[in-house]
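Welcome! Please take a look at the structure shown here, and then read on for a short tour.

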Amino acid sequence: MNEFQPRALEKFILRGEKEAPPVFAGRDHILDDILAASKESWKPGTWFREDSHGMAGNTRIVHGAPGAGKSSVLRKLGDWEMTPSAASGLPTVRPKVLLLNSAGIESPTDLLEPLAELVSARRAPDFVKLYERHLSLGVSLGGVGVNVKAGTRESRNFSLAGIKQFGTWIRSLPWHARLRCPVIVAIDEAQRFDHDADSPVARVLQALHDNAWSLPLTLVLAGLGDTPDKSRKMQLTRGARLHEVGCLSAGETRQVIQGFCRTFGANAEGFEDRLAAYAEPSEGWPRHLHFAQAVLGQELLGTHGDMQALDWTFLNAEFRKSRVSYYRDQQSPMMESANGLTAAVMAQFRDGMEISDIVNVVNKCQRKDSNFSLPKSLSGSPDPVLDFISHLVHQGAIQKSDDSTYYSPIPSFRSFLVKRGNLDPGTENAAPGDSRLDP
Ligand SMILES: Nc1ncnc2c1ncn2[C@@H]1O[C@H](COP(=O)(O)OP(=O)(O)O)[C@@H](O)[C@H]1O
Ligand SMILES: [Mg+2]
């Protein structure tokens, strides 16, 4: 057993939820699938020949509510690069990971430049020069490429995307400067990509998806529940596979909480059931589990790692507070202004509903009172009911599963929203309350 590590524990608490978890559990099928796609894109033995690598349509979309563990999956992809000896089926050639955030991708350069640097840091400036020259030709003549000045919006946007220039640059590289391993282009917060299919950024994503350059690239997009819809809008569909991220299993939850104690040297022997009962209200939701660890860690600092001296009633109460505050953050102003409607919809929502069922529920639940009508901010929308449902998905109240039906990813969030609406006790089909959130 390790010694108790107060310094490391303090650091973990201080760094907060954005850090990699001390123990990463589950998600094997997602990681294996991405790794398999990346391996398939790599055609060893032919790497010295042009136009040989890659696979069209091997994009992977990792989606789930806030706190489900999407960014952690992307971070884990990076570990493959750093831990060559990890036992679980690593390929002899390890992929490199280019980890980007959609917030930093406003134009094609924001994607193509880091990609060029990863392919050949020394020669990337040549691509930048080539691309800038192509663009500046257009700027001096009114904002678009001279050769497409009279063209359609689509051809202008295609020209601006720099796909041809990137291909020209790739083909100009001497064989020894080309990629020697597959690359996973992982983009986080991809729900922010709200582009039409012919926009320059969408064009570059399509080029990655369609294997336009015959390079060993795999595109992975991670984002909230509406990411698959946004990807569809950008036409990243053919062959793309969706991976939904949600709760960890009870076994994985135990693994995380016990692994936490082990990592920081708190002796949990004999406390296994106690710990499992403490972590149980997390429902396996990763973000809750992070707070279960942070709250426990804070108390362990006070007892110098002695589990025997912990006040479990206090711990349970503190952990519950963290869940309520997460739900408050997740309840957007739009949901709050329509808290009656949100509550009624969530009370009548059932796992396995199709979108048409949810539309019916929303229509049935609307009333004249302002908090039971659709939010005013949607009044200009051509389909406010669908937009309201999309918003519930975006906020993590409901989630679309891979078979296109919907479910509530965190049952206690649903109970919280129902409770916030102060519905009449007789509300039809009201979902049962969750006593784990009671004060
Ligand atoms: N597989 C996992 N095992 C253990 N903890 C996890 C796992 N995935 C996520 N977490 C923890 O849950 C929290 C939320 O994860 P994060 O990846 O930031 O979620 P998202 O990107 O979906 O909002 C983080 O504190 C992270 O450490
Ligand atoms: Mg994230």
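## Around the ligand

The largest share of the shell around ligand 1, 4 residues, comes from α12. This is a predicted model, where local features need pLDDT of at least 70, side-chain atom pairs count only at pLDDT 80 or more, and totals for chains, interfaces and linings use all residues. Residues are numbered from 1 along each chain as its sequence is written, while chains are lettered from A and ligands numbered from 1 in the order in which they are written.

In total, 19 residues surround ligand 1, and Gly69, Ser71, Ser72, Pro286 and His290 are the closest (near means that the C-beta atom, placed from the backbone, lies within 6 Å). Domain 1 (6–17 + 248–330) and domain 2 (27–244) both contribute to this shell, so ligand 1 lies between them; the bounds come from an automatic or database domain assignment.

Helices (H or I, at least four residues) and strands (E, at least two) are DSSP runs, numbered from the N terminus.

Elsewhere, 5 strands form an open sheet with parallel pairing, in the order β2-β3-β4-β1-β5 (strands pair if DSSP finds at least two bridges between them). At its edges, β2 (96–101) and β5 (241–244) each pair on one side only. Strands β1 (residues 60–63) and β4 (residues 217–223) are joined in the parallel sense over 4 bridges, and Arg60 has Val220 in β4 as its bridge partner.
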